[in-house]
Amino acid sequence: HDLQELSRRQLQRLRPLEELRLGTSQHRCRGRSPSSREPSRSERSGRDLPAGPLVSTGGQGIIVVGGRSHRQGGRPYYTLDGLLAIVALRHTGCRLAIELWHDHDPALLRAPSPELTRGGVILRDFHDVPHGTHWLGWQLPSLALLYSRFAEALYLDADNVALVDPTSMFSSVHYRQRGAIFWPDHDLHYAENPIWAVINRNAHPGQGTETGQLLVNRSRHWAALALAAHFNDRGPNYYYNMFYGNKELWRFSWLARRKPFHLVPVMPEVVGYRASAGAFCGNTLLQHNPDNHVDIMFAHRVGAKLSNTSSNRSAWTTLKGWDRNDPWNRRKASKGCGGGAFDLPSDPRWSEAAIKLLGRMRGLERRLIRFRARLTFGNETPALRPQWWRA
């Protein structure tokens with residue numbers, strides 16, 4: 001009942017139903033009324049979308065969104081996180097081209113493009129594309145996916161550390177069949193959510209998605225990407241009230257357009273550390289290989305970001321797994337860890353495989369912390385050195 005009441009209140013805060021039916025706002029703005037034949041919402045959701053990918057020079061590549069703090073008063077320096085994510089990618093042996101997007105960051109504007117290009121890194125400025133000067137935070141990944149030069153792209157959050165070379169995922173059976181792969185989160189989406197009325201689909205509960213990584217064929221799924229951009233454009237006033245930010249808007253854009261995608265069926269483990277009082281301080285989600293469901297591909301450091309810490313202490317010392325026998329085994333906030341830490345109601349794993357994985361992760365973490373010191377003035381400030389690209 002509480003969920004239903006919350007959904008009703010959310011729906012009432014949105015514009016009238018005509019506005020929810022995607023694409024009809026232009027009729028009202030131009031002083032025209034809709035035709036007597038009311039098209040379906042799915043027909044409306046296809047209006048005013050571009051005829052194809054906005055920018056594409058072909059090929060496969062990786063998109064990382066850096067930049068200064070994406071929210072007013074925010075602390076992380078996503079350019080630094082993004083550079084460290086690129087270091088981690090190259091450490092795995094990955095040789096794919098990488099677009100590093102930023103919000104007109106002066107530290108990147110002064111970087112010599114030829115030196116970065118030789119390393120396979122292409123700097124992209126949001127200020128060079130439409131909406132790029134005023135979209136913020138959760139809106140930016142959608143903009144990068146719209147205007148990327150890659151025909152096929154792996155999107156990674158700046159705080160997402162690759163543990164293995166992700167190149168092989170472009171050859172994944174699921175990717176070749178569907179052209180899009182999403183990864184799960186610990187939360188659920190509910191049948192009472194008003195998004196189902198927006199996309200005109202039968203409502204049903206399901207597993208949430210975690211959008212720190214997204215693999216997509218842009219040429220095949222351009223319409224769904226454009227619809228996701230529409231949702232994100234209106235996100236701060238409407239759709240972000242339905243979810244935690246943008247995290248479900250890609251999946252519901254695919255559902256609205258009736259496009260296929262693969263959702264990795266293995267839930268993410270959580271890695272963190274033990275606080276002095278004994279509390280488990282989870283800060284990282286481990287996402288799996290979409291084919292074998294065993295190998296850990298990504299360590300999404302949603303807390304304790306490398307750009308937002310003055311400590312060299314490891315944040316990756318303890319691993320907790322997902323209890324498959326408990327469908328309500330949900331992530332919860334950790335107490336005694338400071339803000340942003342979370343926990344799972346399960347015991348730590350100390351198997352041989354878990355210990356080996358943690359050792360490998362700590363080794364990579366030490367490498368990234370050392371590289372952070374070369375890029376910045378020191379642990380107390382995340383500002384980049386004047387010639388950081390020589391690090």
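This report covers the disulfide, the salt bridges and a charged surface patch of the structure above. The model is predicted.

**Disulfide**

A disulfide is a covalent bond between the sulfur atoms of two cysteines. A search of the whole structure turns up 1 disulfide. C281 and C337 form it, with their sulfur atoms 2.0 Å apart. The link joins distant parts of the chain: C281 sits in strand β10 (residues 280–288), while C337 sits in the loop between β13 (332–333) and β14 (342–343). The two cysteines are 56 residues apart. The angle about the S-S bond is -80 degrees, and the link of C281 and C337 is left-handed. Both C281 and C337 are buried. Another cysteine, C94, has a relative accessible area of 0%, so C94 counts as buried.

**Salt bridges**

Side chains of opposite charge can pair when their charged atoms come close. The count here is 11 salt bridges. The table gives three of them.

| Salt bridge | N to O distance |
|---|---|
| D103 and R68 | 3.5 Å |
| D159 and K305 | 2.4 Å |
| D187 and K247 | 3.0 Å |

Take the salt bridge of D103 and R68. The pair links distant parts of the chain, 35 residues apart. D103 lies in the loop between β2 (97–102) and α6 (106–109), and R68 in the loop between β1 (60–65) and α5 (78–91). D103 is buried at 16% relative accessible area. R68 is partly exposed at 35%.

Next come D159 and K305, which meet in a salt bridge. D159 lies in the loop between β4 (152–157) and β5 (160–162), and K305 in the loop between β11 (296–300) and β12 (318–320), so this pair ties together parts 146 residues apart in sequence. D159 is buried, with a relative accessible area of 7%. K305 is buried too, with 12%.

D187 forms a salt bridge with K247. D187 belongs to strand β6 (residues 180–189) and K247 to the loop between α11 (222–233) and α12 (249–256), so the pair ties together parts 60 residues apart in sequence. D187 is partly exposed at 29% relative accessible area. K247 is buried at 8%. Through shared partners, salt bridges join D185, D187, K247, E248 and R251 into one network.

**Surface patch**

Where does R370 lie? R370 is in helix α13 (residues 352–375). Its relative accessible area is 52%, so R370 counts as exposed. On the surface, R370 gathers with R366, R367 and R374 in a patch of positive charge.

Conventions: Residues are numbered from 1 along each chain as its sequence is written. This is a predicted model: local features need pLDDT of at least 70, side-chain atom pairs count only at pLDDT 80 or more; totals for chains, interfaces and linings use all residues. Side-chain values use heavy atoms; hydrogens and water are left out. Patches are made of residues with over 30% relative accessible area and no salt bridge: like charges are joined within 9 Å, nonpolar side chains (Val, Leu, Ile, Met, Phe, Trp, Tyr) within 5 Å. Accessible areas come from the Shrake-Rupley method with a 1.4 Å probe; for residues, only the protein chains shown count as cover. A salt bridge is a side-chain nitrogen of Lys or Arg within 4 Å of a carboxyl oxygen of Asp or Glu. Lys and Arg count as positive and Asp and Glu as negative; His and the chain ends are not counted. The place of a charge is taken as NZ of Lys, CZ of Arg, CG of Asp or CD of Glu. Helices (H or I, at least four residues) and strands (E, at least two) are DSSP runs, numbered from the N terminus. Buried means under 20% relative accessible area, exposed over 50%, partly exposed in between (1.4 Å probe, protein chains only). A disulfide is a pair of cysteine sulfur atoms within 2.5 Å.
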